[in-house]
Amino acid sequence: MTADGSTDFDWTYFWHLVPLMWNGLIVTVRATVLGFTVAVGLGLVLALGRRSPVKVVSWPFVAVIEFIRSTPLLVQLFFLQAYVRTSDTFNFQPATILAIGLGIHYATYCSEAYRAGINSVPPGQWEASTALNLSPVTKWSRVVLPQAIPNVLPALGNYLVAAFKDAPLGYILNVPVILFWADSVRNTDFRPVEPYILVGIGFLMASLPAAWAVRRLERKIAYERT
């Protein structure tokens with residue numbers, strides 16, 4: 001179906017675009033989930049590295065975290081794309097580059113959330129672990145992290161929503177995310193109103209349930225602490 005060039009809102013054209021918008025939304029959500037999976041795992045590694053008492057180990061982690069947090073995600077995506085194109089080792093698809101970029105960028109924010117959660121563990125728990133002569137692996141996996149991670153889940157949820165809202169930057173990599181789809185429709189049919197309204201609706205369809213889930217999680221954690 002093609003538009004007739006009119007600037008009036010066309011409901012028939014609007015409903016025709018809904019299935020196409022859905023495809024772009026799925027690509028956006030998939031890139032967000034994959035990227036945030038990387039962020040959650042890598043963020044914990046960065047947090048543990050930054051907490052190392054050995055300065056030679058902790059300082060590089062601090063430098064990497066602060067550098068990535070201080071530079072825009074857009075610049076990082078351009079850098080990753082240029083690096084992959086000039087590399088003979090890596091041959092990633094644009095969607096993979098987007099997921100990696102989101103993962104690395106938000107891993108630095110997740111690492112700070114993890115660090116705050118670890119610091120919130122009462123000193124008595126650390127002292128008890130030492131008194132019981134627990135191994136480092138047992139202390140972290142059975143004592144520290146089970147207490148620290150629930151404290152940071154709301155923050156991680158907020159970062160997930162933020163990553164979803166940043167995922168449309170993948171359009172600069174030619175990833176068919178929801179914004180890329182809207183731009184393509186506008187350039188083809190010269191009708192920006194209907195596709196961009198659908199972009200907004202698509203974001204609400206994903207971000208509102210995610211925000212609701214984060215609030216529910218915050219209330220659940222607050223209830224369990226009382």
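A residue is called buried when its relative accessible area is under 20%, exposed when that value is over 50%, and partly exposed in between, using a 1.4 Å probe and protein chains only. By this definition Tyr159 is partly exposed, at a relative accessible area of 23%. The structure is a predicted model, in which local features need pLDDT of at least 70 and side-chain atom pairs count only at pLDDT 80 or more, while totals for chains, interfaces and linings use all residues. Residues are numbered from 1 along each chain as its sequence is written, and side-chain values use heavy atoms, with hydrogens and water left out.

**Aromatic pairs**

- Rings of Phe, Tyr and Trp (the six-membered ring of Trp) are paired if their centres lie within 6.5 Å, and the pair counts as stacked with planes under 30 degrees apart, as edge-to-face over 60, and as tilted for the rest.
- The structure holds ten aromatic pairs, and one of them joins Phe90 and Phe92, whose ring centres are 5.4 Å apart with planes at 35°, so this pair is tilted.
- Phe90 is partly exposed at a relative accessible area of 35%, and Phe92 is likewise partly exposed, at 34%.
- Tyr109 and Tyr159 form a tilted pair as well, with 5.8 Å from centre to centre and 50° between the planes.
- This pair links distant parts of the chain, since Tyr109 belongs to helix α4 (residues 94-119) and Tyr159 to helix α6 (residues 136-166), 50 residues apart; helices here are DSSP runs of H or I with at least four residues, numbered from the N terminus.
- Tyr109 is partly exposed, with 22% relative accessibility.
- Phe79, Tyr83, Phe90 and Phe92 are linked by ring pairs into a cluster.

**Salt bridges**

- A salt bridge is counted when a side-chain nitrogen of Lys or Arg lies within 4 Å of a carboxyl oxygen of Asp or Glu, and this rule gives seven salt bridges.
- Glu66 pairs with Arg50 at 3.1 Å between the closest N and O atoms; Glu66 lies in helix α2 (residues 55-69) and Arg50 in helix α1 (residues 11-50), so the bridge ties together parts 16 residues apart in sequence.
- Arg50 is buried at 18% relative accessible area, whereas Glu66 is partly exposed at 31%.
- Glu66 also forms a salt bridge with Arg69, with the closest N and O atoms 4.0 Å apart, and these two residues of helix α2 are three residues, or about one helical turn, apart.
- In helix α4, Arg115 and Glu112 are three residues apart, about one turn, and their side chains meet in a salt bridge of 2.9 Å, N to O.
- Arg50, Glu66, Arg69, Glu112 and Arg115 are linked in a network of salt bridges.
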